[in-house]
Amino acid sequence: MKIFIAVSRRYARSLIEAISSLKPKPYVVVMSYDDDVEILARSMGFEFMKIKDIEKIYTYEKLEEFDVAIAALDDDVMNVACIRIAKSMGIPIAMSLIHNEMNKDSLIREGVQSILNLNNFIAENIKFVLMSDVWITIEIVPMYRIVAALHKLVKRSVLGLDLKVLKEAIDIRDVSVFAIDSAGRFIGEDRVLESGDIIIVIGTKDKVLKTVTDIEKIFRRYEQIYSIRYSDIQRIGYG
Amino acid sequence: MLERFSRKHLGRVTGVGYTLEGKYDKRILDVLADEYLFYESFIILYGFARQKIYTKLKTFYTNTPYDRGAVFLYGSTIAQTPITLFVNLESRCINRSDAERAIELINSGRYSLYISTPFTSNELTSLYRERIHGMLKDLGVGRELIHPSYSLVVGNNRLFRDSLNSLLGSEILVALMTEVVVGRDSIMIENNECIDQVSRKIKGFEKIYIEKLAKDVLDMLEARKVIDLEQKKSYLNMLVKT
């Protein structure tokens with residue numbers, strides 16, 4: 001396999017280390033603006049070319065022979081320009097990093113198969129740690145549109161609800177639904193959900209979003225029942 | 001007549017419209033969308049991505065909001081033609097004939113860079129004149145650049161790629177670099193009376209923009225050997241004191 005990489009200093013280490021662990025060892029050419037990437041690339045036995053201008057990539061004669069192109073530069077427009085060149089040279093598989101989610105359409109239009117959004121991963125993980133009782137969607141494998149939706153139950157009034165009820169209400173052929181407790185242990189279908197439990201839905205993006213909407217409907221129904229009971233208790237008393 | 005004029009430039013000019021808040025003047029959008037005038041046109045939104053813009057042109061969003069310099073970097077990187085036109089989509093002063101005239105001047109080879117229609121505020125201009133323009137007058141470069149940024153900038157794509165980018169924009173740096181490297185005759189600067197006002201959203205950040213621009217100007221002048229390191233240090237000290 002022949003891999004062409006255009007990378008900036010920021011992503012060079014992780015990307016080059018990942019590529020170097022592939023077996024059988026691929027033929028790799030690394031292009032970068034930064035000098036320190038050269039040391040890294042050559043230490044792994046890859047070819048290196050320094051570019052000052054993105055259009056200089058056109059001058060690389062063997063570009064048509066590559067199987068995969070990866071663009072991991074600091075700006076989205078640089079990545080778009082790089083992918084445009086790779087696709088015009090007939091490289092079949094193209095992967096790109098994205099920094100602003102809104103530029104996704106521009107990359108798709110250029111024919112990218114896989115778009116990696118690191119910012120989404122970081123932002124959603126931070127939100128998941130800091131926020132509870134909301135759904136957080138994290139992209140796991142963008143190439144196959146596989147995402148995970150997580151929901152940490154803390155204050156929501158879903159007393160008496162268990163996974164069995166959830167699984168009956170949704171189409172489990174589309175997604176995988178499970179829950180773990182605060183210690184990280186899997187929760188069986190019969191156990192009632194408690195505060196601190198995390199519900200996890202994994203599947204393709206559209207199916208996961210549909211499932212999340214269905215689960216929210218069940219949550220609201222339980223919350224409604226809880227509020228009616230609570231108001232009854234307030235009105236009549238326990239007796 | 002119009003079509004004959006337009007066809008002459010076919011395939012040579014890329015149009016880049018930029019906006020901070022996703023607002024635009026329809027007249028300018030119509031000019032940008034003219035396929036006889038531009039080989040390709042697109043919009044760059046340099047505010048927050050939640051301020052979306054829906055037009056028939058491709059839209060790019062910058063990584064860092066409020067970085068107008070990224071517009072020039074992005075535009076010149078994505079353009080596939082030798083000439084690029086940068087226009088402020090919110091401008092009230094620019095019309096089609098201004099854009100055509102600017103393209104004609106650059107395309108004829110008479111000038112490398114055309115700048116017109118100031119895009120500024122009173123605060124920005126007064127800070128710029130106090131901290132940067134006075135220094136430039138002392139050094140004998142960029143005397144005609146009396147405003148910190150402009151709404152219409154047309155030039156050879158190579159100039160924008162080779163230049164540094166500042167937060168406020170690249171036109172001052174590009175103009176200075178062109179003046180130093182190519183010569184004063186290759187630039188045309190028109191300080192029109194009609195001035196476009198910058199968005200209120202950048203109110204309060206004027207000092208940051210101008211200080212960054214001043215530092216970038218000094219870096220550029222030092223790199224092009226207009227000033228030496230000692231001069232740069234003394235100008236930086238003056239900048240800190242004011």
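Tutor: We begin with a definition: two strands pair if DSSP finds at least two bridges between them. Please keep in mind throughout that this is a predicted model.

Student: Which residue of β5(A) is the bridge partner of Ala69(A)?

Tutor: Strands of a sheet pair through backbone hydrogen bonds, either parallel or antiparallel. Here Ala69(A) has Ala94(A) in β5(A) as its bridge partner. The two strands concerned, β4 (residues 68-72) and β5 (residues 93-98) of chain A, are joined in the parallel sense by four bridges.

Student: In what order do the six strands of the open sheet stand?

Tutor: The order in chain A is β3-β2-β1-β4-β5-β6, and the pairing is parallel. The edges are formed by β3 (47-50) and β6 (114-117) of chain A; each has a single partner strand, so one side of each lacks a neighbour in the sheet. From one strand to the next, the twist averages 15 degrees.

Student: Which strands of chain A does helix α1 touch?

Tutor: Helix α1 (residues 9-20) of chain A packs on the sheet and touches β1 (2-7), β2 (27-32), β4 and β5 of chain A. Its direction makes about 170 degrees with that of β1(A). Helix α3 (residues 76-88) of chain A lies across β1, β4 and β5 of chain A, and runs at about 175 degrees to β5(A).

Student: How many residues does each chain bring to the contact between chain A and chain B?

Tutor: Chain A brings 13 residues and chain B brings nine residues. On the side of chain A that touches chain B, α3(A) gives the most, with five residues. By class, that side of chain A has six nonpolar, four polar and three charged residues.

Student: At what angle do α3(A) and α3(B) pack?

Tutor: Two packed helices are described by the angle between their axes and the distance between the axes. For α3(A) and helix α3 (residues 69-78) of chain B, the angle is about 0 degrees and the axes are 9 Å apart. Angles under 35 degrees count as roughly parallel, so α3(A) is roughly parallel to α3(B). The contact is made by Val77(A), Met78(A), Val80(A) and Ala81(A) from α3(A), with Tyr74(B), Thr77(B) and Ile78(B) from α3(B). By class, this contact has six nonpolar, one polar and no charged residues.

Student: Is Val77(A) buried or exposed?

Tutor: A residue is buried if 20 or more other C-beta atoms lie within 10 Å of its own. Val77(A) has 25 other C-beta atoms within 10 Å, and is therefore buried. Leaving aside residues up to four places away in sequence, Val77(A) touches Phe60(B), Tyr74(B), Thr77(B) and Ile78(B).

Student: Which residue in the hairpin of β7(A) and β8(A) takes a positive phi?

Tutor: The residue is Arg145(A), with phi near 55 degrees, in a hairpin that has four residues between the strands. Strands β7 (residues 135-141) and β8 (residues 146-152) of chain A run antiparallel and are joined by six bridges; Val141(A) has Ile146(A) as its bridge partner in β8(A). Arg145(A) counts as partly exposed, because it has 14 C-beta neighbours inside 10 Å.

Student: Where is the cis peptide bond?

Tutor: The cis peptide bond joins Lys23(A) and Pro24(A), with omega about -5 degrees. Pro24(A) is found in the loop between α1 and β2 of chain A.

Terms used
Residues numbered from 1 in each chain as written. Chains lettered and ligands numbered in written order. Predicted model: local features only at pLDDT ≥ 70, side-chain atom pairs only at ≥ 80, totals over all residues. Axes fitted to C-alpha atoms, helices over the stretch in contact; angles between N-to-C directions. Contact = placed C-beta atoms within 7 Å. Nonpolar A, V, L, I, M, F, W, Y, C, P; charged D, E, K, R; others polar. Parallel < 35°, antiparallel > 145°, perpendicular 65-115°, else oblique. Buried ≥ 20, exposed ≤ 12 C-beta atoms within 10 Å, placed from the backbone.
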